[in-house]
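Here's a quick tour for anyone meeting this protein for the first time. Have a look at the picture, then read on.

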Amino acid sequence: MSLRELCRWLEIPYRRDMDAGFCNLKTRQVEARCGLRPRVFDFPCRMLRVGSALRTVRPALWSERGRSRYRFCPKCFEDQHTPYLPVHWRFDPWRLCFKHRCMMEDACWKCHMPILLPEKMEQGGADGKGITFMSQCFHCSELLWRVAPIYVDQLAPLVLSPLQEVQLQNGCAFVSAIAHGYMTNLLGRAVRIAKELPLMERMQLLASGDSLSPNAIRQRELLEEEGWQDC
Ligand SMILES: [Zn+2]
Ligand SMILES: [Zn+2]
C-alpha cells in the first residue's frame with residue numbers, strides 16, 4: 001500500500017508535511033481505524049498545533065522543499081524495539097537527549113543526508129530495494145545509530161560556550177512549554193508561551209539553524225584535544 005493509498009483509507013489529505021496536516025484532523029477517527037487506544041494522538045497533535053501557531057518562533061524543521069525534517073538521538077534509536085521518530089525530534093531547539101545526555105544528530109553519519117519524511121521505505125536504501133527500519137538511512141541504508149554519540153558531560157572544557165550550554169538546556173524547556181501551553185518565568189509565575197518564547201528567541205536563548213551542529217562540535221573537540229596535547 002502506498003502512502004497516498006493509506007491516506008485515502010484513513011481519509012486524511014496527502015501533503016508534504018504530514019505532521020502539520022495531521023494535527024488538525026479528526027484524530028478519533030484515525031485512532032479507531034488503526035485500532036489504537038483513544039486519545040493516543042492528543043499529545044503530539046497539541047504540540048504541533050501550539051508550535052505552529054507561534055508567530056516569531058518557527059519551531060519545526062523542514063527541508064527546502066517543505067518536507068518534514070528530523071534530528072535523532074542514536075541511543076534512543078538503538079533502544080527502540082520498533083524504531084520511530086518521536087514528534088519532539090522535529091523541534092529545532094531540541095538539541096540534547098535528556099535521557100542519554102547526548103546531542104541530537106542532524107544527518108546520516110555516512111552519507112550526510114538529512115532525515116526527511118514522508119519517504120517510501122520499500123524503495124529506499126543504496127540499491128533501491130527498500131529498508132527495513134526507520135533507524136536506517138533512506139539513502140545509503142546505514143544504521144543511523146552507529147554514529148559515536150556526543151555525550152555533553154564528557155566534552156572537553158570550552159568546546160561549548162556558556163550560551164550554547166544554556167541553549168542545550170532550554171531545548172527541554174521549550175518542548176515542555178509547547179506541550180503544556182504555558183511556561184514558568186523566573187518569578188515562578190505561569191506565563192503564556194506566545195509572549196515568552198519569542199522573547200527567549202530574541203535573546204538567543206533557543207538554539208536555531210546550524211548553531212550546535214554535531215559535526216561542528218566534533219571538530220571543536222578535536223581542536224581542543226590537540227591544543228591540550230601541544231601544551
Ligand atoms: Zn536518547
Ligand atoms: Zn546515509
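What share of the contacts in the protein chain with a separation of 6 or more comes from residues 24 or more positions apart? The figure is 64%. Bear in mind that this is a predicted model, and the numbers here are computed from it.

## Overall build

Let's walk along the chain. The protein chain has 8 helices and 6 strands, and reading along the sequence gives the pattern α-α-α-α-β-α-β-β-β-α-β-β-α-α.

How about its dimensions? The C-alpha trace spans about 65 × 50 × 30 Å along its principal axes. A compact globule of 231 residues would have a radius of gyration near 17 Å, and the protein chain comes in at 19 Å, so the two agree.

## What's tucked inside

Of the 231 residues in the protein chain, 25% are buried. In soluble globular proteins, nonpolar side chains tend to be buried together.

Here, the largest nonpolar core has 38 residues, and F72, C73, M104 and I178 are those with the most contacts inside it. The elements giving two or more residues to this core are α4 (42-53), α5 (74-79), β2 (96-97), β3 (102-103), α6 (162-180) and α7 (193-202). The largest share comes from α6, with 5 residues.

## A closer look at C73

Which residues does C73 touch, leaving aside those up to four places away in sequence? They are C97, H100, C102 and M104.

Conventions. Residues numbered from 1 in each chain as written. Chains lettered and ligands numbered in written order. Predicted model: local features only at pLDDT ≥ 70, side-chain atom pairs only at ≥ 80, totals over all residues. Core = buried A, V, L, I, M, F, W, Y, C linked by C-beta atoms within 7 Å. Buried ≥ 20, exposed ≤ 12 C-beta atoms within 10 Å, placed from the backbone. Helix = DSSP H or I, 4+ residues; strand = E, 2+ residues; numbered from the N terminus. Contact = placed C-beta atoms within 7 Å. Rg over C-alpha atoms; globule rule 2.2 N^0.38 Å.
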